[in-house]
Amino acid sequence: MTEVSEEEFLYKLLEVVHKLSNIAKTQAYRLNKKWDEYFKPLNEKPHVVREIPLVKDKFLNEIDYRIEVLKNVEQAIVDGFHSIKSILKTIYGQYFDSELFRKDFSGEDQIILKYLVAKEILGNLIQYNKMDHESVPIKYNIVARNYTLLKIKGQSDQEILDSLNKLNIKDINLTNLNEFMEKVKADGIIEIKKKGKNNFYELKKELELTKEGKLQYKALLAPLVDWPTLFWRSFYNIRELNVTPEETIPYYDFLIKILTKSATQGFSPTHYVFKNLVKYYEKIKEKSK
């Protein structure tokens with residue numbers, strides 16, 4: 001990997017901040033627009049990602065301004081998590097109990113949608129699912145996490161319990177897991193069999209909407225359900241910062257430790273990088289006094 005000078009790194013950082021500034025602006029607008037079109041009667045506003053104002057010359061030449069912008073990016077990163085959470089909480093806490101939902105979707109589609117939305121969001125965003133266990137009722141989370149394996153070969157109760165432990169969901173044991181799975185069975189989604197002493201679960205009904213339900217879903221709900229994955233994969237991707245600085249750069253070891261994290265996509269590494277880049281430039285500012 002080619003080494004970059006202090007100046008080259010600063011320009012690379014500016015490019016990334018500019019990219020994130022554009023994503024924050026366009027994705028916040030997109031979420032607000034789709035929200036107003038459909039969810040506004042339920043909840044006035046989602047939590048939106050703040051804007052990241054950026055004056056390029058000031059960022060390059062004024063360390064105080066650079067630190068201010070980097071702090072703003074760090075806060076916008078946290079906003080993204082809360083945006084996704086506000087979508088899930090509105091869907092599962094309000095929308096699925098609303099007249100709006102019952103008006104727009106048949107009874108058959110209503111059952112499927114509660115599982116489908118969890119699969120589309122939590123199934124795609126395993127990192128997010130490790131951080132938020134409260135927004136989606138556990139039976140939908142279980143199916144979202146295990147859907148593919150339930151479909152292909154089935155899962156034992158212990159295998160499902162192990163998958164939940166990987167999500168840091170620790171307060172479920174085999175007894176109450178089986179209670180949750182009985183509820184999933186009652187919805188017609190799975191079959192329960194016995195294999196020795198263990199319960200074994202297989203998918204009975206795929207998460208397919210009716211023809212009319214698909215059209216309604218695509219027009220009304222899909223833009224809001226797709227938003228978290230699209231946002232996560234674009235905003236929490238700063239691999240351009242996975243560069244090697246020259247050893248002459250101030251606080252070389254600290255910077256190397258920060259930038260190594262940028263090789264991994266997701267909320268936690270992205271937040272770590274910007275939180276510590278603030279500290280990095282604060283150290284440089286302190287040194288220059």
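## Salt bridges and overall build

E208 is partly exposed, with a relative accessible area of 44% (buried means under 20%, exposed over 50%, partly exposed in between, using a 1.4 Å probe and protein chains only). E208 pairs with K214 in a salt bridge, their closest N and O atoms lying 3.2 Å apart. The term covers a side-chain nitrogen of Lys or Arg within 4 Å of a carboxyl oxygen of Asp or Glu. This is a predicted model, where local features need pLDDT of at least 70 and side-chain atom pairs pLDDT 80 or more, while totals for chains, interfaces and linings use all residues. Residues are numbered from 1 along each chain as its sequence is written, and side-chain values use heavy atoms, without hydrogens and water.

**Salt bridges**

- The structure contains 18 salt bridges.
- Side chains of opposite charge can pair when their charged atoms come close.
- K214, the partner of E208, is also partly exposed, at 43% relative accessible area.
- D132 and K85 join through their side chains, with 3.1 Å from N to O.
- D132 sits in the loop between α6 (126-131) and α7 (138-152), and K85 in helix α3 (residues 63-93), so this pair ties together parts 47 residues apart in sequence.
- D132 counts as buried, at 3% relative accessibility.
- K85 counts as buried too, at 18%.
- D104 and K103 form another salt bridge, at 3.0 Å from N to O.
- D104 is buried at 12% relative accessibility, whereas K103 is exposed at 62%.
- K33, K34 and E37 are linked in a network of salt bridges.

**Fold and packing**

- The chain has 12 helices and five strands (DSSP runs numbered from the N terminus: helices are H or I with at least four residues, strands are E with at least two).
- Its C-alpha atoms fill a box of roughly 70 × 45 × 30 Å, taken along the principal axes.
- Of the 289 residues in the chain, 48% are buried.
- Take the contacts (heavy atoms within 4.5 Å) between residues at least 6 apart in sequence: 70% of them join residues at least 24 apart.

**Surface and charge**

- The accessible surface of the chain is about 14400 Å², and carbon and sulfur atoms hold 49% of that area.
- Accessible areas come from the Shrake-Rupley method with a 1.4 Å probe; for residues, only the protein chains shown count as cover.
- The chain carries 47 positive and 42 negative side chains, and the centres of the two sets are 3 Å apart.
- Lys and Arg count as positive, Asp and Glu as negative, with His and the chain ends not counted.
- Each charge is placed at NZ of Lys, CZ of Arg, CG of Asp or CD of Glu.
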